[in-house]
Amino acid sequence: MRIKGVIFDFNGTLFFDTHLHNKAWDIFLEKHSFKLTDEEKNQKIHGKNNAEILSNLFNKALSSADIEALAREKEDIYQSLCLQEKMELAPGALGFLDFLDKNNIPFTIATASDLYNLEFYFEHLGLQKYFDLNQIVYSNGKIKSKPHPEIFLKAMDILKIDPSEALIFEDSISGIMAAENSGAKKIIIVDSDNNDYSKWNYDIIQNFGEIDLTIF
């Protein structure tokens, strides 16, 4: 069965920003007297939502108000770093999105980012040309964090496809595990930060122009 729908993780996948998130977390963590290596960030942060990340970091249950304030503090740092660089989608992404659009293959985003960052991306990356914000699955405080597959299963429902028809693009450890747990037909890893993916036997790309389009 061919692929009938595509789901993109966003950060580190459709937008190569892992280095910016790492730098923003370093600034935030130092302010709060924490320190994590980039490898520890891969294990404990990337792919997870802010509520889980912050509760684990501070090792206690945080109120929704505390989580919102801390998350906003970190994301303001991150957004300011983004604006210091040229913001653009991943290499080859625009051409691949055009291919999907022209061939009537439905696609959406399933991301651990919250609405605050999504609106920032729509403003500065022109996502509205390809995506409907109302059709994107994001961290809204209700969806279980990756590696739970809920975020991808919801995206499949939006696209009206079964897992056996879905292609998921991911880059984080928790995200790849969530994609596996969703039962997706195909998973492609996007290596945007020169990570070690040797434990998985999936196609690995660094440019969306590398995709074998015969799978559609």
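Predicted model: local features only at pLDDT ≥ 70, side-chain atom pairs only at ≥ 80, totals over all residues.
Tutor: Let's start with a word you'll meet a lot: a residue is buried when its relative accessible area is under 20%, exposed when over 50%, and partly exposed in between (1.4 Å probe, protein chains only). Residues are numbered from 1 along each chain as its sequence is written, and side-chain values use heavy atoms, leaving out hydrogens and water.

Student: You mentioned strands. What order do the five strands of the open sheet have?

Tutor: First, the general idea: strands of a sheet pair through backbone hydrogen bonds, either parallel or antiparallel. Two strands count as paired here if DSSP finds at least two bridges between them. In this model the order is S2-S1-S3-S4-S5, and the pairing is parallel. Strand S2 (107-109) and strand S5 (203-205) are the edges, each pairing on one side only. From one strand to the next, the twist averages 20°.

Student: How many bridges join S1 to S3?

Tutor: Four, between residues 5-8 of S1 and residues 166-170 of S3, running parallel. As one example, valine 6 has leucine 167 in S3 as its bridge partner.

Student: And which strands does helix H5 touch when it packs on the sheet?

Tutor: Contact means heavy atoms within 4.5 Å. For directions, axes are lines fitted to C-alpha atoms, for helices over the stretch in contact, and angles run from 0 to 180 degrees between N-to-C directions. Helix H5 (residues 93-102) touches S1, S2 and S3, and its direction makes about 150° with that of S1. Helix H7 (residues 150-159) also packs on the sheet, touching S1, S2 and S3, at about 140° to S1.

Student: Now charges. How many salt bridges does the structure hold?

Tutor: Side chains of opposite charge can pair when their charged atoms come close. The rule for a salt bridge is a side-chain nitrogen of Lys or Arg within 4 Å of a carboxyl oxygen of Asp or Glu. There are 11 salt bridges here. One of them joins aspartate 9 and lysine 146, at 3.1 Å from N to O. Aspartate 9 sits in the loop between S1 and helix H1 (18-31), and lysine 146 in the loop between helix H6 (115-125) and H7, so this pair ties together parts 137 residues apart in sequence.

Student: Which residue, 2.6 Å away between closest N and O atoms, forms a salt bridge with lysine 146?

Tutor: Glutamate 170. That residue is in strand S3, so here the pair links parts 24 residues apart in sequence. Lysine 146 counts as buried because its relative accessibility is 2%, and glutamate 170 does so at 0%. Through shared partners, salt bridges join Asp9, Lys146 and Glu170 into one network.

Student: What about aspartate 38: buried, exposed or partly exposed?

Tutor: Partly exposed, at 43%. Aspartate 38 forms a salt bridge with lysine 41, with the closest N and O atoms 3.0 Å apart. Both lie in helix H2 (residues 38-44), three residues apart, about one turn of the helix. Lysine 41, at 1% relative accessibility, is buried.

Student: Last one: which members of the largest nonpolar core touch the most other members?

Tutor: A nonpolar core is a set of buried Ala, Val, Leu, Ile, Met, Phe, Trp, Tyr and Cys residues joined through side-chain atoms within 4.5 Å. Of the 53 residues in the largest core, the answer is Val6, Phe8, Phe96, Phe131, Phe169, Phe208 and Phe216. Helix H4 (residues 64-82) gives the largest share, seven residues. Leaving aside neighbours within four places in sequence, phenylalanine 216 is in contact with residues including Val6, Phe96 and Leu167. Another core, of 16 residues, lies apart from the largest one, with Val137, Ile161, Ile168 and Ala184 among them.

How values were computed
Helix = DSSP H or I, 4+ residues; strand = E, 2+ residues; numbered from the N terminus.
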